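Please find below a short note on the model under review.

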Amino acid sequence: MVKHSNGVGYFTAENIVGVLRALPETDGTYAEVVEQAGEYGATISKTVLGKWVAEGHRDLQAGRRQSAFGRFATMYDQIKEESCTAEANRTREFDRAMQILERTCDCGNDKMTLPDGTLADTCRECHDIDEQGRPRRKPER
């Protein structure tokens, strides 16, 4: 029978990997980490995640750096420090805004996708208007 006290029973490879992969995409709060980790296959609660981190910090304070929880807490803290700072969040939001702008035509519509999968310079409507502002003729068949 699996023991689930202190979240130990949930301390599986799938859950650990899901949490660590999700962490850089969040603001670092347990609730957001757990929600994002679900997309990577993790099935834990924020309470369980909190217990893992707390257990890891207790192990680190006791000098047990190589315990499973100690290694997890070290990795969690390192990723959180690198990825969840205010500056990292601002950079991530700026990158998302730039991606939206790259896909947006000057008129505000989404740019059309070319047959090779790349983005055109304009949307379909702007593409169909020539330089003088007249609609382009569509080839008759």
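How many disulfides does a search of the whole structure find?

1. The model is a predicted one, and a search of the whole structure finds 0 disulfides. A disulfide is a covalent bond between the sulfur atoms of two cysteines.

2. The pair to inspect is Cys107 and Cys123. The closest cysteine sulfur to that of Cys107 belongs to Cys123 and lies 3.6 Å away, which is too far for a bond, because a disulfide requires the two sulfur atoms to be within 2.5 Å. Cys123 is accordingly in no disulfide, and the nearest cysteine sulfur to its own is that of Cys107.

3. The surroundings of the two residues should be noted as well. Cys107 is partly exposed, with a relative accessible area of 44%, whereas Cys123 is buried, with a relative accessible area of 2%.

4. Helix 4 comprises 16 residues, 68-83. From its first C-alpha to its last, helix 4 reaches 22 Å, close to the 22 Å expected at 1.5 Å a residue. The buried residues of helix 4 are Phe69, Gly70, Phe72, Ala73, Tyr76, Ile79 and Ser83.

5. Helix 1, residues 13-22, packs with helix 4: their axes come within 10 Å and cross at roughly 20 degrees. Helix 1 is therefore roughly parallel to helix 4, since angles under 35 degrees count as such. The crossing is left-handed.

6. On the side of helix 1, the contact is made by Ile16, Val19 and Leu20. Helix 4 contributes Phe72, Met75, Tyr76 and Ile79; of these, Phe72, Tyr76 and Ile79 are buried.

Technical notes: Residues are numbered from 1 along each chain as its sequence is written. This is a predicted model: local features need pLDDT of at least 70, side-chain atom pairs count only at pLDDT 80 or more; totals for chains, interfaces and linings use all residues. Side-chain values use heavy atoms; hydrogens and water are left out. Buried means under 20% relative accessible area, exposed over 50%, partly exposed in between (1.4 Å probe, protein chains only). Helices (H or I, at least four residues) and strands (E, at least two) are DSSP runs, numbered from the N terminus. The expected span of a helix is 1.5 Å times one less than its number of residues. Axes are lines fitted to C-alpha atoms, for helices over the stretch in contact, and angles run from 0 to 180 degrees between N-to-C directions. Angles under 35 degrees count as roughly parallel, over 145 as roughly antiparallel, 65 to 115 as roughly perpendicular and the rest as oblique. A crossing is left-handed if the near helix is turned anticlockwise from the far one by less than a right angle, and right-handed if clockwise. Contact means heavy atoms within 4.5 Å.
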